[in-house]
Amino acid sequence: MQVDLPRFGRFQAWRDAARQLAGNRVAPDQVAWGDAGLFGTDPVPPPGPHPVTASNEFLALAQTVASHSDPERWALLYAALIRLQQDRRFIANPADPLTDRLARMAKSVRRDIHKMHAFVRFHELPAQGPRRSFAAWFEPEHPILEAGAPFFVRRFADMDWLIATPQGLACFDGTLNFQPPAPRPTLPPDASHDLWQTYFANIFNPARIKTQAMRSEMPVKYWKNLPETGLIAQMLADAPRRVQAMRDAGATVAPAFAARVTARIRQAPDDRPPDTLNAARQQASRCTRCDLCHAATQTVWGEGDPSAPLMIVGEAPGDHEDLQGRPFVGPAGQLLRQTMAGVGLDPAQAWLTNAVKHFKFTPRGKRRIHQNPATGEIRHCKWWLDIERRFVRPRLTVALGATAAFALTGDRAPLTPRRGSVETALDGGPVLITWHPSLILRLDPKPAAQARQQFAADLTQAARMMTA
């Protein structure tokens, strides 16, 4: 049976035909997939009696593989769909030859799409209306035009543009549409390319030249369409001279002396022990003991009753805490406060703080994704935790999570076997180990329910210890 697919919209056409063929349990070796040609396609049988199912994981993989240039991709995907009807687990097995081949094809497509997003260079066309108009030529390894074009719709929604490739054209004038291939367009010189070359030349660091890595990330086949690559040969030839000039102009301070100066700048005068808890708070607001202070909004100091017999120590501030300057005000903090209230512990009558006082994160778009503090950051910030403990003098401390347990006890052992136990802090006080509420919020419903029960039981134990 010959099943031909259109130039555009191929994946959906393949999916519709494959569903009907699989519903009739047509064997993969009985189907030939190809491009729409002169002779047309054989009739695809109507939906058959057998149910056809596919996981979201497989559909996402198939949609990516559909943009590969291998002419066997459709047959491979149909063979995988047929296998899924008998063995739904094979697609998750990386050792399976078919799964491995599809995964490598998908990886190649994703890399090609990344190159398209990175190396398309638009040329501005003469104005023909109120909107600016641009065009670009790109030669991908795979037919990725449909998969890669939506990125440019989001990026350049206020412009009209055209991306021409050997496989076809992507045209946007408020609506994205695709057209058959046309001869390579003649693109006019673009004044913005001069600005781009100036930027590229100024960010070039001759001391970090790795030509092999550069050619891996920016393959030579793309160079002819990139305005900045015309500068590379000259910059590489001039690199030794520039490196020597950088050495000649470099600082002459001895490294050991520079390290001592840096240490003094970081530690003085804020390493002088404060006289009061409020003075410690003011001193911590200027802390530069580690690099977390440079990205965080502010220091998040502890709060609560400074004469409280109970101290709650978490890991580090989250996004909400960093913005408000208060500990445990985000979702994890709300769960902590609710659970404390449920077992008879008043959060206002405890001292709530964190082992690390600055928010550590990785930016991802407009979001800031929480990162666990490193060992060195925990040790630097232990200065402030020890000061808090010296002024508050709690009878019992509850450590929420592994970071707090390490800061208080110096023990890096796994948390699971320690949860619910009472250990001795480095300063001699008792420490009850339990889960961090943020862990509970990340778990699936069933293990989260069990962790909530354990968390409540540990705080109940803390309440009993406080009244004993």
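This is a predicted model: local features need pLDDT of at least 70, side-chain atom pairs count only at pLDDT 80 or more; totals for chains, interfaces and linings use all residues.
**Exercise 1. Describe helix 1 and what covers its buried residues.**

Step 1. Helices (DSSP H or I, at least four residues) and strands (E, at least two) are numbered from the N terminus; the chain has 16 helices and 15 strands.
Step 2. Helix 1 takes in residues 10-23, and its 14 residues reach 20 Å from first to last C-alpha, close to the 20 Å expected at 1.5 Å a residue. The expected span is 1.5 Å times one less than the number of residues.
Step 3. Buried means under 20% relative accessible area (1.4 Å probe, protein chains only; exposed is over 50%, partly exposed in between). In helix 1 this holds for Arg-10, Phe-11, Trp-14, Ala-17, Ala-18, Leu-21, Ala-22 and Gly-23.
Step 4. The cover over these residues, by contact (heavy atoms within 4.5 Å), includes strand 1 (2-5), strand 2 (32-35), helix 2 (56-65), helix 3 (73-86) and helix 5 (145-155).
Step 5. Arg-25, with a positive phi near 55°, follows helix 1.

**Exercise 2. Find the cavities and state what helix 13 gives to their linings.**

Step 1. A cavity is a set of points on a 1 Å grid over the protein atoms alone where a 1.4 Å probe fits but cannot get out; lining residues have an atom within 4 Å of a point. The whole structure holds 2 cavities of 30 Å³ or more.
Step 2. The largest has a volume of about 70 Å³, and its lining includes Cys-287, His-358, His-380 and Trp-384. Helix 13 (residues 375-392) supplies the largest share, 3 residues.
Step 3. The second largest cavity has a volume of about 50 Å³. Among its lining residues are Lys-382, Asp-386, Arg-389 and Asp-427. Helix 13 and helix 14 (401-409) each give two or more residues to this lining, and helix 13 gives the most, with 4.

Terms used. Residues are numbered from 1 along each chain as its sequence is written. Side-chain values use heavy atoms; hydrogens and water are left out. On a 1 Å grid over the protein atoms alone, a cavity is a set of points where a 1.4 Å probe fits but cannot get out, and a pocket is an open set with protein on both sides within 12 Å along at least five of seven lines; lining residues have an atom within 4 Å of a point. Grid points are joined across faces, edges and corners, and a volume is the space filled by probe spheres set on the points.
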